[in-house]
Every structure is written in C-alpha cells, then in structure tokens.
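Please brief me on this structure. Keep it short and group the points by topic.

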Amino acid sequence: MGNPVLIDPIIPASDVVALTGRVGAEIKGVRLGGELPDAMIAAINQLLLKHKVIFFRDQAHLDDAGQELFARRLGDLVPHPTQGAIAGTASILNLDSSRGGGRADQWHTDVTFVDAYPKFSVLRGVVIPAAGGDTIWSNTHAAYENLPAPLQLLADNLWAVHSNAYDYAAVRPRATSEERKHFDEVFTSTVYETEHPVVRVHPETGERTLLLGNFVQRLVGLSKGDSAKLYELFQSYVTAPENTVRWRWRTGDVAIWDNRATQHYAVNDYGDQHRVVHRATVDGDVPVSVDGRRSITRVKAAKQRAA
C-alpha cells in the first residue's frame, strides 16, 4: 500500500511491535523528550508514516512543558483554533471528561474544519479510568485502498464541506447541558467552513487517504440526502475493524498519530470515572487533491452574541 517507508536503525526492529496488520505500533525503549537526537526524531517520524499511530508506555516523566518540548521537535505547534491552549503552553488542549468537550466520542480527524489542519497530534494520558476510556484509530489510506476501483474513482472526484458548526444535539443526544454549552459558546465561538477533497494526497508518502469524519456536512454539488448516503458508504470502509487499532490507556502513555492519514474515536464507556488527556498539536499543511487542487476555507466568522 503506497510508497515504502525506511525505518532508521537507531530504533531496533525488535523495539517496534506492530499491533495490527494495518495500523498501529508500540515503540519500546524510548524516553520521549525535547533532547532526543535528530536521528531519533527522524526515526519516530518515519514510524509514524508507516504505522499511522504509534504508542509509548511509561512516559510519566513528561509534564505539559516536556510534552511540548518533544512535540515541537516534530514541527511547529498550534493551539486549537476555537478552544485555545492551557495557559502558559503553546498548544496543549485539556480534554477532561468532567468538563464540556472532554469526550470526543465521534469518528473524526482533528480540526478538519480549517484548511491546514494539524499534521500530528501528541496525546498524553494524565488521568485514566480503571476500566474503559480506550481510543480507537483507523488507517484512512488502508480504507481508500480497500475501495473497489469504481468507488475509488468516485471518491477521487468528490469534495466535501467540513464545519465545526453542526447539529450537535442530533449527533450527541445524550450530551450533558455543560457539554452543549461548551459546544455553543467555545467550540463554535468562531464558525469555520472549509472545502476539502474527499481524497487527499499525503505530502510525505504520496499515499491517497480518505478525508472524512464527523465535521463533514455535505458533499459539494450533491443533495443532503445523497451526501449522507455516500458519506456513510465511504466512512464504513474507514471504520471497518480490519483498518483499526484500539489502545488501552495507562497513566503516562503517549500516543502520536499522523492526522493526515487517520481518524480516531474516544470510547465513552467509563461512566462517571474521571479521564483526562492532554494533546499537543503540530501544525499541518493545506491538503491537495488527486488533480492538484488545494482545499479552501469558505467561512471564518466569529459568532455574534446577543447583547
């Protein structure tokens, strides 16, 4: 599938444990931090390109500052466009289950409602439930490769409108009042609407990946009904079990994923237990379609509040 990726021998093959045949690997013997040599950072980048999401156990030495020092070695850091970052950090997003917006239980690629959405995300387990609270990732290149040739051709020619403003109640009918308030007042404080190709060409590997997820509102040129049917068809390949990996978190774990080639889903099965993860975000690039066109942001507008 796609171009071969060479792994730097600075990380022995025996320390790279593939978790499934298509996505995900645990990397052993690496203590993450900003002081890692360039060769180690290059090896981590190559492992990300190959496995799409990689995991590191026992990184409890990291705090927010240490997490950012490491993440900055992978690229420039950016805060969430509407939620900002924890005070004193460049990009750390606090995903706390006890606060609005802390349970990302929808299949999504981070922040696709903007044009140059994030390249990598670096997620650290801070408070982990005794049971539940796993995260699932999908390889969206494998999903594209699994499409029959006629569906690949169709997908190659489709564009989708992504937005952070959608029918939240319909998507999350069991959301708490605090979660609904967070969505209305924080997550959609600025409304974005961006057109992306349904298939983007990965800038480092040349692989074709499906660019979908819960921020998709409609397909360009199609009715809402037709858009929904086709979305569900393509998305079913993304979420097919054989294209996914599930991670059971422990405190101090770090997961890093290529946000250009994955979707993920935070499983909301831990009830009133507390779950906190902190995310550092590496800035991305504007997607390019199969025919060379670039994504375009159509709307960026702060909400008008009633006096």
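Predicted model: local features only at pLDDT ≥ 70, side-chain atom pairs only at ≥ 80, totals over all residues.

Another open sheet has 4 strands with antiparallel pairing. The largest pocket holds about 450 Å³ of space.

- Strands β5 (residues 120–127) and β15 (residues 276–282) are antiparallel and pair over 7 bridges.
- Within β15, His 278 is the residue opposite Arg 124.

**The 4-strand sheet**

- Here the order is β11-β7-β8-β16.
- The edges are taken by β11 and β16 (296–302). Each has a single partner strand, so one side of each has no neighbour in the sheet.
- The twist in this sheet averages 15° from one strand to the next.
- Strand β8 (residues 190–197) pairs with β16 in the antiparallel sense, over 6 bridges.
- Val 191 faces Ala 301 of β16 as its opposite residue.

- Strand β6 (residues 135–139) is mostly covered, with 5 of its 5 residues buried.
- Thr 135, Trp 137 and Asn 139 point one way, while Ile 136 and Ser 138 point the other way.
- In a regular strand, side chains alternate between the two faces of the sheet.
- Strand β12 (residues 244–247) runs antiparallel to β6 and is joined to it by 4 bridges. Trp 247 in β12 is the bridge partner of Thr 135.
- Strand β14 (residues 262–266) also runs antiparallel to β6, joined by 5 bridges. Thr 262 in β14 stands opposite Asn 139.

**Helix α2**

- Helix α2 (residues 64–71) is largely enclosed by the rest of the structure, because 6 of its 8 residues are buried.
- The buried residues are Asp 64, Gly 66, Gln 67, Glu 68, Phe 70 and Ala 71.
- Their cover includes α1, β5, β13 and β15.

**The largest pocket**

- Its lining has 18 residues. Nearest the centre are Asn 214, Val 216, Gln 217, Tyr 231 and Glu 232.
- Two elements give two or more residues to the lining: β11 (216–219) and α7 (224–238).
- Helix α7 gives the most, with 8 residues.
- By type, the lining divides into 6 nonpolar, 8 polar and 4 charged residues.

**Glu 232**

- Glu 232 sits in helix α7 and is among the lining residues nearest the centre of the largest pocket.
- Is Glu 232 buried or exposed? The cut-off for exposed is over 50% relative accessible area. Glu 232 has 51% relative accessibility, so it counts as exposed.
- Gln 83 is 149 residues from Glu 232 along the chain, and their C-alpha atoms are separated by 29 Å.

How values were computed
Residues numbered from 1 in each chain as written. Heavy atoms only, no water. Pairing = 2+ DSSP bridges. 1 Å grid on protein atoms, 1.4 Å probe; cavity = no way out; pocket = protein on both sides within 12 Å on 5 of 7 lines; lining within 4 Å. Points joined across faces, edges and corners; volume = space filled by probe spheres on them. Nonpolar A, V, L, I, M, F, W, Y, C, P; charged D, E, K, R; others polar. Buried < 20%, exposed > 50% of the residue type's maximum accessible area, 1.4 Å probe, protein only. Contact = heavy atoms within 4.5 Å. Axes fitted to C-alpha atoms, helices over the stretch in contact; angles between N-to-C directions.
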